[in-house]
Amino acid sequence: TTISGTQRERKLPASVLVIIPFPLLEAMDGGTPPPMPRRPPTEPLPQQGTGDCIAILTVLLALIVILSMVMIPSSSPNLKNSLTILHQVPEGHVGVYWLGGALQQTTTTPGFHLKLPLITHYEPVQVTLQTDLVRDIPCGTKGGVMINFDRIEVVNRLKKEAVYETLLNYGVEYDHTWIYDKIHHEINQFCSVHSLQEVYIDMFDQIDETMKDALQADCTRYAPGIEIISVRVTKPRIPESVRRNFEQMEEERTKVLVAVERQRVAEKEAETQKKIAITEAEKNAFVSKIVMEQKLMEKDSLRMQEEISNAMYIAREKSLADAKYYQTMKEAEANKLKLTPQFLELKFIEAISNNTKMFFGNKIPNMVLDQRLLGNFLRDLEGKRNLEA
């Protein structure tokens, strides 16, 4: 396309890029222009007003791009999310989008994603465990004493499948409604029905579970997507005068506990001594029993030995008696056989001969003279016996 002198002198906008072929530049510099092929007649150039509008729009677009590049790094997160096209969803979060202010049901997973700037608003919502720290919670006890909980930690989690319902009903700051504000209410409710002694000492270990159950009950009823994992409550701050009284009470309680422990130790020592004495007595009794049993066994052994000895002696004496009886019987039978008149006469003669006596005088004893009469008597007696047999 040839450019006339009038067209060359026209001022072009700074944003319009004109491409001129290299041979045409040589012709403009005074060289010989190359032969140009025949072309159909050119169309009339657009009017000057339309070209100025295009140029202005181009400049405005360039300015918007430059301003966005300058302002986005230093702008607020909401404005930055609205202006960006490419955005990143961190791990443990899901991407939630508002199109023209309307919450969309579609969520995105962690990674890089695209969106329309200025039209679509994006927010990352955490769906893993998170700890909400609630600070400086004042409350009054049943007795009217004001105490203050410095910090309460609530470990919670938003279920991934309930992100849309929760944000639709309570917004991105759902934890302010159901955790931060709710923990203030529940702490005040708990303190208002308990005394300082119960809140600070007696029931302090139950506050964690009480708060967890209260929060979870309301979340289950109104926001089921929120799961309360645990609640950690720190020791509350109480007035200095009350704290000193509690310290004195604790000291006295400690003294009482020390006295009780000492008494318990003394009782244990006495019980130990008693058990030792009982054990010693049982040991001695057991030893005495064993010794007595040993002596009894010895006596039984001696008795058995005596019985055996007596039995042996009786048996021996019985044997001797039987032998003597047998001997006597045999001797009696032998003597019975010997008692004949001839044997008696012989014995009579032997007895007289062994007892020889000298008699002097005019009369001799009749016994010596009547010995034959005795022999005859004996023979008659023996004869009678034989007849009777």
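**Strand pairing, core and surface of the predicted model**

In the predicted model, D132 stands opposite V154 of strand β7, strands being DSSP runs of E with at least two residues and helices runs of H or I with at least four, both numbered from the N terminus. Local features were taken at pLDDT of at least 70 and side-chain atom pairs only at pLDDT 80 or more, whereas totals for chains, interfaces and linings use all residues. Residues are numbered from 1 along each chain as its sequence is written, and side-chain values rest on heavy atoms, with hydrogens and water left out.

Strand β6 (residues 130-140) is joined to strand β7 (residues 146-158) by 10 bridges in an antiparallel arrangement, two strands being treated as paired if DSSP finds at least two bridges between them. These two strands form a hairpin with five residues between them, and G144 in the turn has a positive phi of about 95°. Strand β7 also runs antiparallel to strand β8 (residues 226-233), to which it is joined by seven bridges, and I152 has V233 in β8 as its bridge partner.

I152 is also a member of the largest nonpolar core, which has 40 residues and in which F149, I152, L167, I183, I187 and I207 touch the most other members. The largest share of this core, seven residues, comes from helix α6 (residues 174-192). Such a core is a set of buried Ala, Val, Leu, Ile, Met, Phe, Trp, Tyr and Cys residues joined through side-chain atoms within 4.5 Å, where buried means under 20% relative accessible area, exposed over 50% and partly exposed in between (1.4 Å probe, protein chains only). When residues up to four places away in sequence are not counted, L167 touches V96, W98, L103, V125, L158, V172 and Y174, contact meaning heavy atoms within 4.5 Å. In the protein, buried residues make up 20% of the 389 residues.
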